[in-house]
Amino acid sequence: MRRTPPPRTYRVKSFGCQMNVYDGERMAELLAQQGITPAPEGEEADLVVLNTCHIREKAAEKVYSDIGRLKREDGSAPLIAVAGCVAQAEGEEIMARAPAVSMVVGPQAYHRLPAMIADAVAGKRAVDTDMPAQTKFDALPARRKVGPSAFLTVQEGCDKFCTYCVVPYTRGAEVSRPFKDLLAEAERLIEAGAKEITLLGQNVNAWRDEGNCGLEKLIEALAAIPGLERIRYTTSHPNDMTQGLLDAHRDVPKLMPFLHLPVQSGNDRVLKAMNRSHTVASYLEILDRVRAARPDIALSGDFIVGFPGETDAEFEDTLRLVEQVGYAQCFSFKYSARPGTPAAEMDGQVPLTVMDERLARLQAALNASQLAFNRASLGKTCEVLVERRGKLQGQWLGKSPWLQSVHFTGEAAIGDLIRVELVEAGPNSLSGRLLQPAHG
Ligand code: 5AD
Ligand code: SF4
C-alpha cells in the first residue's frame with residue numbers, strides 16, 4: 001500500500017440488521033470526533049466504511065461488488081474499511097481477495113478504527129477481529145443528535161447455535177451491557193432528541209444485569225425517565241420470553257404493543273433440526289400469554305423456507321401457523337447455507353426453484369396477514385410518533401404503537417406524538433386523520 005493523505009470526509013454504509021445500523025451510527029460519531037466530516041450527498045468520500053452483513057450468502061457477497069464499485073476509473077480508490085460480520089468471518093480472506101481494502105475491523109473492535117486509519121494513511125493494511133473482554137461501548141463516544149426513534153444496543157451475541165446461523169460465530173457469545181451504563185446512555189439519547197428507544201440485541205430478552213435482573217427491570221427503569229415516550233425491544237428468542245417480560249406488556253404503558261418473536265418454521269421436526277429448542281406448541285403458548293397480558297399486541301416473526309430436508313408437507317405446516325397467528329408483519333427468507341454451520345453439511349439441501357416457490361407462497365400469506373391486521377386497525381385512534389416529512393405538501397410520516405407506518409397531513413413537527421384516527425389501510429401503510437393539533 002502507498003501512503004495516502006489523511007481522510008477529510010467519510011461515508012458509513014450499513015447493511016443487514018438494526019444492530020449494524022446502530023454500530024454504523026456509533027462509528028460515524030467516532031469518525032466525527034476525529035475531525036472527519038460526513039461526505040456531502042453525491043460526493044465521493046475519502047474514507048468509506050462498509051458495515052457488512054454475513055447472515056445470508058447474498059448479503060455476504062455484496063461486499064465484494066461494493067468494493068469493486070468504489071474503484072475510480074484510474075484504478076485508485078478511497079480508503080476502504082470493511083466492518084461488520086463479514087469482516088469478522090472472513091478477515092484475512094477479504095485482505096487477500098480485495099487489495100483495495102486497507103482496514104478490516106470486526107464488530108467488537110470498532111473503537112480501534114482511528115488507530116487503523118492512521119496506519120492506513122501510513123500505508124499499512126490491518127485486520128482487527130479480536131473480541132476483547134472490555135466492550136467497545138465504553139470506548140465509543142456518545143451520540144450528540146439523534147432522530148425521535150433511536151436504537152440502544154443492550155446485548156450482543158448469541159449462545160443458541162441454531163444450526164443454520166452464523167451469528168454465534170460472528171458476534172460471539174451472549175454479552176449484556178451493565179444496567180447503569182444503559183440508563184446513562186438512554187438519558188443521553190433522550191437529551192439528544194430521542195422520544196422512542198428500541199433496545200437491541202441478537203437475543204435481547206436474554207439480557208441480564210450482574211444482579212441477574214431481566215429485561216423487564218430495564219424497561220421499567222427506562223419508563224421512569226421523563227421525556228422518553230416509547231420503548232421497544234428486538235429481537236427475542238422464544239426460550240428467553242419470561243413471564244416477567246410478558247407482564248411488562250400489561251404493566252408498563254410506555255412499552256409498545258409489539259412483539260417480534262421469530263419462529264422460523266411451523267413444523268416440529270424442522271424446528272428440532274434447526275436446534276431451535278422450542279416447539280410450535282410452546283411458541284403458540286407464549287403468544288397466548290402475551291395476548292392475555294396485552295390483548296392488542298401486534299405480532300411479528302422471522303421465517304426460513306427450504307431448510308435442509310424440509311418437505312412440502314412440513315412447509316405447509318408453516319403456512320398453517322401463519323394463518324393461525326395472524327401476524328402484523330414478518331420477515332421471510334430462503335435458507336442460505338453458511339460455511340461452518342452444521343446445516344450446511346446436512347443432507348437434503350432443497351433446490352433453489354423449490355425455495356423460490358415456497359417463499360412466494362409464504363410471502364403471499366404474510367402479505368395477506370399484514371393487510372388484514374392493518375384493516376382491523378381502521379377506526380382506531382392512536383398516537384403517531386412523527387419521524388419525517390412525507391412526499392406531499394403538509395404530509396408527515398410516523399409509526400403507530402403497533403409499528404405500522406402512518407401518514408397524515410396537518411400541523412406537526414418531527415418528534416411530536418400526534419393523535420390520529422386510522423382511516424385508510426394498505427398492505428404497507430395506513431393513513432390517519434389528525435385529531436389533535438401539535439403540542440410544543
Ligand atoms: N439462511 C436464511 N435465513 C437465515 N436467518 C439466519 N440465518 C439464516 C440462513 N442461514 C434468518 C432467520 C433469523 C433472521 C435474522 O435471519 O430468520 O431470525
Ligand atoms: Fe442465530 Fe438462532 Fe442465535 Fe437467532 S437465536 S442469532 S437465529 S443462532
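I take buried to mean under 20% relative accessible area, exposed over 50% and partly exposed in between, with a 1.4 Å probe and protein chains only. The model I examined is predicted: local features need pLDDT of at least 70, side-chain atom pairs count only at pLDDT 80 or more, and totals for chains, interfaces and linings use all residues. Residues are numbered from 1 along each chain as its sequence is written, chains are lettered from A and ligands numbered from 1 in the order in which they are written, and side-chain values use heavy atoms, with hydrogens and water left out.

**Entry 1: helix H12**

I looked up H12 with that cut-off and found Glu314, Phe315, Asp317, Thr318, Leu319, Leu321, Val322 and Val325 buried. Helices (H or I, at least four residues) and strands (E, at least two) are DSSP runs, numbered from the N terminus. The cover over the buried residues of H12 includes H10, H11, S13 and helix H13 (352-376), where contact means heavy atoms within 4.5 Å. I then checked the length of H12: its 14 residues should span 20 Å at 1.5 Å a residue, and its end C-alpha atoms are 20 Å apart, which agrees. The expected span is 1.5 Å times one less than the number of residues. Gly326 follows H12 and has a positive phi, near 70°.

**Entry 2: helix H11**

In H11 I found Val280, Tyr283, Leu284, Ile286, Leu287, Val290 and Ala293 buried. Among the elements covering them are helix H9 (243-251), strand S12 (258-260), helix H10 (268-273), strand S13 (298-305) and helix H12 (312-325). An α-helix has 3.6 residues a turn, so residues three or four places apart point the same way.

**Entry 3: the six-stranded sheet**

I traced an open sheet of six strands with parallel pairing, in the order S2-S1-S3-S4-S5-S6. Its edge strands, S2 (37-38) and S6 (126-128), each pair on one side only. Two strands pair if DSSP finds at least two bridges between them. Strand S4 (residues 79-83) is joined to strand S5 (residues 101-105) by four bridges, and Ala83 has Val105 in S5 as its bridge partner. Helix H1 (residues 18-33) packs on this sheet, touching strand S1 (9-14), strand S3 (47-52) and S4, with its direction at about 170° to that of S1. For such angles, axes are lines fitted to C-alpha atoms, for helices over the stretch in contact, and values run from 0 to 180 degrees between N-to-C directions. Helix H2 (residues 57-70) lies across S1, S3, S4 and S5 and runs at about 170° to S3.

**Entry 4: the three-stranded sheet**

I also found an open parallel sheet of three strands, ordered S7-S10-S11. Strands S7 (149-153) and S11 (230-234) stand at its edges with a single partner strand each, so one side of each has no neighbour in the sheet. Strand S10 (residues 196-200) pairs with S11 over five bridges, and Ile197 has Ile231 as its bridge partner in S11.

**Entry 5: the antiparallel strands**

Strand S15 (residues 381-389) pairs with strand S18 (residues 417-425) in the antiparallel sense over five bridges; Thr381 stands opposite Glu421 in S18. S18 and S19 form a hairpin with three residues between them.

**Entry 6: ligand 2**

I listed the residues surrounding ligand 2 (a heavy atom within 4 Å): Cys158, Lys160, Phe161, Cys162, Tyr164, Cys165, Val167, Pro168, Asn203, His237 and Arg276.
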